[in-house]
Each structure stands twice: as structure tokens, then as C-alpha cells.
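Let's take a walk through this model, starting with a pair of charged side chains and ending at a pocket.

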Amino acid sequence: ADRVPAGWENKVMHASFHIGSSALMASDGCETTAKFEGFNLGITVATDAEAEKIFNALVAGGKVTMPLTKTFWTSKFGMLTDKFGVGWMVSVEH
């Protein structure tokens, strides 16, 4: 049997997050360093107040890349990078 490399004893092999009827799967993977590049996660909420709450929670310790604002397609949309380097898009359902 293959052995786990030193320092990987506490990594997560498989995780599942359930959001409504959807499942988001995750893993620590086999990389030695984490890189969150080339993608953003998007979350759509029902109200402006909820968008502001989610946006502010996600950006804590991170960086705003586009302030949460009204756009031609929705009442609130914004983009940010969280403290882990993950890009997010927050939007109010149109």
C-alpha cells in the first residue's frame, strides 16, 4: 500500500458541502502549495441586504476587486478575493 507523504497526515482527501440541492466537492489535493488561479466562485442571493452581508463576510482579511454596486443586470453585484486567495462574485438574483 502507498504511504502518505510526511506532512500530509491532516489533509482532507474528500469533502462535500451541500448548498440547497447542490453539492460542492473539495479536496486538499496533491499539490504542495495552494494556488487559486483562473476561476472565481459565484454566489447568488435573494436580497441586497443578504448580498452586503455575504460580501462583507467574504472580504474580511481579503481584497475588493469590484465594489458591490448596482449593474444593468442586477441591483447588487461585486467581486472580491478572500483571505485565502479565492475569487468570489456576489450577486442578487434578478
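Start with Glu52 and Lys76, whose side chains meet in a salt bridge at 3.3 Å, N to O. The term asks for a side-chain nitrogen of Lys or Arg within 4 Å of a carboxyl oxygen of Asp or Glu. The two partners come from distant parts of the chain, 24 residues apart: Glu52 sits in helix H1 (residues 48-59), and Lys76 in the loop between strand E4 (63-69) and strand E5 (77-81). Helices (H or I, at least four residues) and strands (E, at least two) are DSSP runs, numbered from the N terminus. The structure holds 1 salt bridge.

A word on the source: this is a predicted model, so local features need pLDDT of at least 70 and side-chain atom pairs count only at pLDDT 80 or more, while totals for chains, interfaces and linings use all residues. Residues are numbered from 1 along each chain as its sequence is written, and side-chain values use heavy atoms, with hydrogens and water left out.

How exposed are the two partners? Glu52 counts as partly exposed because its relative accessibility is 35%, and Lys76 counts as buried at 18%. Buried here means under 20% relative accessible area, exposed over 50%, and partly exposed in between (1.4 Å probe, protein chains only).

Now for the largest pocket. A pocket is an open set of points on a 1 Å grid over the protein atoms alone, where a 1.4 Å probe fits, with protein on both sides within 12 Å along at least five of seven lines; lining residues have an atom within 4 Å of a point. Its lining takes in 25 residues, with Ala26, Ser27, Phe36, Phe39 and Val86 nearest the centre.
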